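Here's a quick briefing to read with the model open beside you.

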Amino acid sequence: SKPPPVPPEGQPGRPRLVDLSSLPGSASATFDRPKSRGDVPHPFPDKLHDILEDVDLSRDLGDMISCRPHGRAFVMHQLHRFVKEVLPRYFQQSKLTSFQRQLCIYGFQRITRGEDAGAYYHEFFLRGVRELC
């Protein structure tokens, strides 16, 4: 029996493939991936890590935001000062609601009970370990 006919390239059921292997230098050629709207040079979790690392360097900053001793959550203190002094230094926006929206978008949860009440937590956010998020 004969095998079923193969539809020509570009028809439904078969994607159109382009063989670039015959082009000169194609084995070592790299193609830049186009930026999607979600690509940002310094994403929110990295900036949050920057803030928490800078807490060690600045006593004033520690009065406005601090990491819990276990490193799995952080708390914002003196919100008025945090908005005026910290947000403009690290982000283009300087509204607490925008910062909190980013926390929600990235999956951070606010702890409402226990000794960490008021802190924000994410299972893949650990102080000093940027690779997790």
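A disulfide here is a pair of cysteine sulfur atoms within 2.5 Å, and by that rule the count comes to 0. This is a predicted model, where local features need pLDDT of at least 70 and side-chain atom pairs count only at pLDDT 80 or more, while totals for chains, interfaces and linings use all residues. Residues are numbered from 1 along each chain as its sequence is written, and side-chain values use heavy atoms, with hydrogens and water left out.

**Cysteines**
- Buried means under 20% relative accessible area and exposed over 50%, with partly exposed in between (1.4 Å probe, protein chains only).
- Cys67 counts as buried, at 14% relative accessibility.
- Cys104, at 56%, counts as exposed.

**The sheet**
- Helices (H or I, at least four residues) and strands (E, at least two) are DSSP runs, numbered from the N terminus.
- Two strands pair if DSSP finds at least two bridges between them.
- There's an open sheet of 4 strands, in the order E1-E2-E4-E3, with antiparallel pairing.
- E1 and E2 (residues 73-76) run antiparallel and are joined by 3 bridges.
- Cys67 sits opposite Phe74 of E2.
- Helix H1 (residues 44-54) lies across E1 and E2, at about 90° to E1. For that angle, axes are lines fitted to C-alpha atoms (for helices, over the stretch in contact), and angles run from 0 to 180 degrees between N-to-C directions.

**Helix H4**
- In H4 (residues 96-105), the buried residues are Leu96, Ser98, Phe99 and Leu103.
- Looking down the axis of H4, those residues fall within an arc of 165°, so they line one face of the helix. The arc is taken from the directions from the helix axis to the C-beta atoms.
- Cys104 and Ile105 are exposed, on the face of H4 turned away from its buried side.
- The cover over the buried residues of H4 includes H1, E2, H3 (79-90) and E4 (120-121).
- After H4 comes Gly107, with a positive phi near 90°.

**His122**
- His122 is in the segment after E4, and is buried at 15% relative accessible area.
- Its side chain reaches the backbone nitrogen of Phe124 at 2.9 Å.
- Leaving aside neighbours within four places in sequence, His122 is in contact (heavy atoms within 4.5 Å) with Arg72, Tyr106, Gly107 and Phe108.

How values were computed: A polar contact is a pair of N or O atoms within 3.5 Å; within protein, one must be able to donate a hydrogen and the other to accept it, and residues adjacent in sequence count only if both atoms are side-chain atoms.
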